[in-house]
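Work through these exercises with the model open beside you. Try each task before you read its solution.

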Amino acid sequence: MNNVALKQFIAMLKREVLEHPALFLFAPAILAAVLLLFSAWVMNLLPEEEVALGIEYAATLFNGLSPMEMAPLFMVPAIPFIVIFSLCAVIYLLNCLYQDRKDSSVLFWQSMPVSNLRTVLSKILTLVAVAPAFYIAVLFVLYMVAMLAITLLGMSYGVAVAGLGYMFMAALASLLLVYCSMFIASLWLFPTVGWLLLFSAFARRAPMMWAIGVYVLLLFLEDFIFGSQFLVNWIESRSNPNQYVVFEFSDLFGRLFNYDMLFGILVGSILVGGAVLLRRYTD
């Protein structure tokens with residue numbers, strides 16, 4: 001890819017973010033604000049002695065521990081963000097190509113020297129790599145605000161927060177693990193990504209109903225004709241979080257490079273290819 005094509009592709013990624021700020025920016029920011037307000041409300045309900053005791057206990061507990069050993073613990077606050085990201089990802093995939101046809105912007109992009117393949121790839125890369133970075137950035141700010149609050153509360157109660165540095169390093173390590181988990185999840189669930197994009201490019205209306213309806217029809221036909229449940233079992237295996245949640249960096253290679261991952265990417269790529277072909281046809 002030459003320099004002009006690279007700049008063009010980066011511009012397409014920026015376009016995706018600017019056109020979907022509610023999914024990539026506002027959703028994690030609002031969730032973080034809600035969590036902060038809820039935490040402040042809970043802290044306000046607790047007696048000051050219990051708050052001081054809790055801060056002192058945490059400072060003593062984390063002091064001297066390995067940040068890598070603590071990192072999985074700091075991934076727990078990221079669970080609501082991962083859930084919101086998953087919901088936003090489904091909404092984005094179902095609407096990104098469908099909306100282009102609905103508002104006729106696809107005609108503008110097809111008049112430009114931009115291939116359908118590159119356009120679809122920009123949407124996939126936005127979901128797989130760019131969107132998780134925004135969620136991680138919001139989580140980083142949330143962790144920093146929480147640690148600043150712990151420091152100020154510790155100073156006000158006369159408690160030495162000795163383990164704050166270890167907590168900070170553990171928080172950074174946990175953010176890297178969360179980003180890697182979101183990235184691997186996008187690849188592990190790539191058949192789902194391709195399936196949703198396929199119906200986003202195909203459906204004239206209600207792409208979600210098409211995606212769900214055709215999937216249910218395939219399940220019925222498989223059971224009726226072959227008497228098997230291969231699709232159900234395969235989807236259940238793909239939905240297992242243990243396959244893509246990473247708690248140690250040593251697990252990255254094994255999660256990324258295995259036959260199940262490569263087969264899923266192959267199936268997803270075929271579905272994405274179908275979405276690219278369907279995008280040639282406008283309403």
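**Exercise 1. Decide whether Cys88 and Cys96 can be bonded.**

Step 1. Take the distance. The sulfur of Cys88 lies 14 Å from its closest cysteine sulfur, that of Cys96, which is too far for a bond. A disulfide is a pair of cysteine sulfur atoms within 2.5 Å.

Step 2. Check the whole structure. The search finds zero disulfides.

Step 3. Look at the surroundings. Cys88 is buried, at 8% relative accessibility. Cys96 is buried too, with a relative accessible area of 2%. (Buried means under 20% relative accessible area, exposed over 50%, partly exposed in between, with a 1.4 Å probe and protein chains only.)

**Ground rules.** This is a predicted model, where local features need pLDDT of at least 70, side-chain atom pairs count only at pLDDT 80 or more, and totals for chains, interfaces and linings use all residues. Residues are numbered from 1 along each chain as its sequence is written, and side-chain values use heavy atoms, leaving out hydrogens and water.

**Exercise 2. Describe the overall build of the protein chain.**

Step 1. Count the elements. The chain has 13 helices and zero strands. (Helices, H or I with at least four residues, and strands, E with at least two, are DSSP runs numbered from the N terminus.)

Step 2. Find the extent. The C-alpha trace spans about 70 × 50 × 40 Å along its principal axes.

Step 3. Find the buried share. Of the 283 residues, 38% count as buried.

Step 4. Sort the contacts, meaning heavy atoms within 4.5 Å. Among those with a separation of 6 or more, 83% join residues 24 or more positions apart.

**Exercise 3. Find the residues that touch the most other members of the largest nonpolar core.**

Step 1. A nonpolar core is a set of buried Ala, Val, Leu, Ile, Met, Phe, Trp, Tyr and Cys residues joined through side-chain atoms within 4.5 Å.

Step 2. Name the residues. The core has 60 residues, and Phe74, Phe81, Leu139 and Leu197 touch the most other members. Helices that each supply at least two residues include helix 5 (79-102) and helix 7 (116-157).

Step 3. Follow one residue. Beyond its neighbours within four places in sequence, Phe81 contacts Pro28, Leu31, Ala32, Leu35, Tyr135, Val138, Leu139 and Leu142.

**Exercise 4. Classify the packing of helix 10 against helix 11 and against helix 5.**

Step 1. Start with helix 11. Helix 10 (residues 207-226) and helix 11 (residues 230-238) pack at about 130°, with axes 8 Å apart. (Axes are lines fitted to C-alpha atoms, for helices over the stretch in contact; angles run from 0 to 180 degrees between N-to-C directions.)

Step 2. Apply the classes. Angles under 35 degrees are roughly parallel, over 145 roughly antiparallel, 65 to 115 roughly perpendicular, and the rest oblique. Helix 10 and helix 11 are therefore oblique.

Step 3. List the partners. Tyr215, Leu218, Leu219 and Glu222 in helix 10 meet Phe230, Leu231, Val232 and Ile235 in helix 11.

Step 4. Turn to helix 5. Helix 5 and helix 10 pack at about 115°, with axes 9 Å apart. That makes them roughly perpendicular. Here Val90, Leu94 and Tyr98 in helix 5 meet Pro207, Met208 and Ala211 in helix 10.
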